[in-house]
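Me: I'd like to learn how to read a few features off a model. Could you walk me through some?

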Amino acid sequence: MRNKAIKGSLSSYLSWPVLLTILLIAMNIHIYTINLKAGIFMSCYVGLYALIAFLIYGFKHKALMLDLVNYAMLFHSQINQAAMQVELPMALLDEDGNCLWQNDKFHDTFSYDLGKRFHISEAVAAITDQYFPTDCENNCEVHFNRDDNTFYRTVVQRLELTGDEEATANKLGIGNTLFVVFVYDETDIVQVVRENYDQRLDIAFLYIDNYDESLGGIEEVRRSLLSALVDRKINKYTSKIDAITRKIEKDKYIILFQHKYLSELQSDKFSLLEDVKNVNTGDAKTVTLSMGIGLQADTFRKRQEYARSAIDLALARGGDQVVIKSRDNILYYGGKTIQQEKMTRVKARVKAHALRESIEAADKIVIMGHHLPDVDAIGSALGINRLAMTLAKPTRIVVNDVTSSLAPLLKVFQDNSSYPDDLFVTGEEAKEFMGNGQGALLIVVDVNRPSYTDAPDLLKIASSVVVIDHHRQTDEAVENPTLSYIEPFASSACEMVAEILQYAGDEIYLKNIEADALYSGIMIDTNNFMTKAGVRTFEAVAYLRRCGADIVRIRKMFRSDLEEYKVRAEAIQNMEIFLDHYAIAPCNAERCVSPTIAGAKTADSLLDIEGIKASFILTQFDGKIFISARSIDELNVQLVMERLGGGGHISSAGAQLADCTVEDAIHRLKEVLTKMKEEGDI
């Protein structure tokens, strides 16, 4: 302490008597020039003053230093006591994150069971090395919780020691960098935010999918009774979540409820869907519901738009399900029931007139199916082409890859002089045909996912887009289509086009080879009318027969070769039964011209085995793994394929997996099936 010098402003302040002595000496010299006698007297007083000043400065310096040290120690003690007792947890760390000092609050809250020296991550696991700031200007923050009811925000500040502080720190071996940790309890804030979030209003639309089909044919008295019973089940279900339920039409409801209850509805997987199916209508038909819920929007209007989009998506996917739409995600629940076929054709007639108007307004038409188009895609495209040709519109059909199953059908039209040589074009040729897209109408058939189309770039060029498909819609959809006609209950796109042609105009006459193409698409997609064939399916087939479709000609056209039969037999031999009811088999179809078609046919044939609820055939082709999934009515394979990035129907679906082997794909498929079984979805 003796060697320590007083520096700074305090040193200047204490030196003022010495500085004043110099001033007095200068004054004394000036007085000598005026009067010698006065100068002598002045010198005596200046000397006496200088003696007293130097004596005080010399003898009181040590006492002053001692007083300063005592004050500093007292001040430090008070500050340290205050820091130790403050309710804000604080800790001082070295550059390695080891604790050098902590106050009582930090010790009691986070390090009670730890010693004096510990790493900060032992006390607060959330604070890792990545949260230590690299400079003194920026602080790092981390939020963590110790349980579901206690939440904290931690601020880590960096301190750089310099001068004497750095030298002292180096002597102690703690380096010249320190970190100060402050921990703020933000439990109250989090709870307020959570309560505010939980009390946000969610909007739901609930529709009875098949009100007319299930209750329309029942006598009036019984219909009212059953309608009231459905009403009661809906109101009872929504009352347990304190919801506001209002019936806006005979088969439509709007429901308002607090967001905190949504997790309860999700946990029981919206049991209302199954409860309503137990309503006995007196015949084989069951009542099914669809619900669309909108949430996570800043305004009520936006949440209503989300709910409206969700219910539209639920209906487009076939009904009997709940769709939850938020700003960033879409969730699906239910969808296990095969949608009942709607007997009314009003919608088909309206869509037919709208399609005709769209074609008449366009200058050129391009028709496109999915990647690796099948007979259903090309057959429906040829049906639309007949409508466009009747209206004298130049038309092209996009076919990038011709499979062996498709080649016989295309050959019939390519060898026919009634059709232009450039009717079938590639995606690049279609781009040239469309030009800048002005006046170009793109009609997408047998697919509604943009990424699955044969030439996705055409969607950006066309001035207007029409979608006609029978697959269930997913969250990936064509943006702003001029016309969207998606009917999941339809057996095939060819069936839908056959209905459209009947209402598009009396001057539309199908040629027999066009009728063959449409008939073939229906026959292939229904597995020779064994799956998804309804009343309207056979009515469409009857129309095609009247137009000249010949089943013998069609059967000869689509006979399989011997190599394909061998591949299918090998796949069946290598089949594995998973979870007692699901057939999984790799299909080595490299020898086939159309590997995916061979896989699909194999999946269909496996359903003939007793005890098999669903079949999954995995085929490697074009750098990807194609999965063909089939079932009869005991498993919704669409839900399975959606978890793998695919989609389709309840009984017929598929997926494409990239950057993996067949073994990896089988492993992923088994994981999905196992998880769905554990969750009760299958």
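Reply: Let's start with burial: a residue is buried under 20% relative accessible area, exposed over 50%, and partly exposed in between (1.4 Å probe, protein chains only). One caution: this is a predicted model, where local features need pLDDT of at least 70 and side-chain atom pairs count only at pLDDT 80 or more, while totals for chains, interfaces and linings use all residues. Residues are numbered from 1 along each chain as its sequence is written, and side-chain values use heavy atoms, leaving out hydrogens and water.

Me: Okay, is Ser491 buried or exposed?

Reply: Ser491 counts as buried because its relative accessibility is 2%. You'll find Ser491 in the loop between β17 (483–486) and α18 (493–503); helices (H or I, at least four residues) and strands (E, at least two) are DSSP runs, numbered from the N terminus.

Me: Which side chains make a polar contact with the side chain of Ser491?

Reply: A polar contact is a pair of N or O atoms within 3.5 Å; within protein, one must be able to donate a hydrogen and the other to accept it, and residues adjacent in sequence count only if both atoms are side-chain atoms. Here the Ser491 side chain has such a contact with the side chain of Ser492 at 3.4 Å, and another with that of Glu495 at 2.5 Å. For plain contact (heavy atoms within 4.5 Å), skip residues up to four places away in sequence, and Ser491 touches His470, Ile522, Asp525, Thr526, Lys532 and Thr537.

Me: Now strands. How many residues of β9 are buried?

Reply: Six of the six residues in β9 (289–294) are buried. Both faces are covered, with Leu289, Met291 and Ile293 on one side and Ser290, Gly292 and Gly294 on the other.

Me: And which strands are joined to β9?

Reply: Strands of a sheet pair through backbone hydrogen bonds, either parallel or antiparallel. DSSP must find at least two bridges between two strands for them to pair. β6 (201–208) runs antiparallel to β9, joined by six bridges, and Ile203 stands opposite Gly294. β10 (321–325) runs parallel to β9, with four bridges; there Ile293 has Ile324 as its bridge partner. The chain gets from β9 to β10 through helix α12 (300–316), a left-handed β-α-β crossover. For reference, right-handed would mean that, with the strands pointing away from the viewer, the path from the first strand over the helix to the second runs clockwise.
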